[in-house]
Amino acid sequence: MHTSDKRIIRLIDVLIFDKTITNTRHFCQEIDVLEQTVSKIKKGTNRFTVAHIEVICKKYNVNANWIYGLEKKVFRSPESIEITDV
């Protein structure tokens, strides 16, 4: 699985923990992706597209540089949490 995919899967857990979303199904509905697609991504047979990443970043104020492993801050805000172990 690619780094960006691993980070987005981790992001789903963060969003659930923060109560921004209720579950993976909710996330999939919000970004217009089938749950089966996320299952395939977890298995390594599919990937999140640039279009998916763009929607995720806009919808949840996520730092795209974090998704690609370039920065430690998950969200685009000064008080954003840092996640380094993905």
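1. Cys57 is buried, with a relative accessible area of 8% (buried is under 20%, exposed over 50%, partly exposed in between, with a 1.4 Å probe and protein chains only). Cys28 is also buried, at 1%. The count of disulfides is 0, a disulfide being a pair of cysteine sulfur atoms within 2.5 Å.

2. This is a predicted model, in which local features need pLDDT of at least 70 and side-chain atom pairs count only at pLDDT 80 or more, while totals for chains, interfaces and linings use all residues. Residues are numbered from 1 along each chain as its sequence is written, and side-chain values use heavy atoms, leaving out hydrogens and water.

3. Searching the whole structure gives 1 aromatic pair. Phe27 and Tyr60 are stacked, at 5.8 Å centre to centre with 20° between the planes (rings of Phe, Tyr and Trp, the last by its six-membered ring, pair if their centres lie within 6.5 Å; planes under 30 degrees apart are stacked, over 60 edge-to-face, the rest tilted). Phe27 belongs to helix α2 (residues 24-31) and Tyr60 to helix α4 (residues 50-60), so the pair ties together parts 33 residues apart in sequence. Helices are DSSP runs (H or I, at least four residues), numbered from the N terminus. Both Phe27 and Tyr60 are buried.

4. Helix α4 also contains Val50, which counts as exposed at 61% relative accessibility. Val50, Tyr68 and Leu70 form a nonpolar surface patch with about 350 Å² of accessible area together (residues with over 30% relative accessible area and no salt bridge, nonpolar side chains being joined within 5 Å and like charges within 9 Å; areas by Shrake-Rupley with a 1.4 Å probe, only the protein chains shown counting as cover for residues; a salt bridge is a Lys or Arg side-chain nitrogen within 4 Å of an Asp or Glu carboxyl oxygen).

Definitions and conventions: Helix = DSSP H or I, 4+ residues; strand = E, 2+ residues; numbered from the N terminus.
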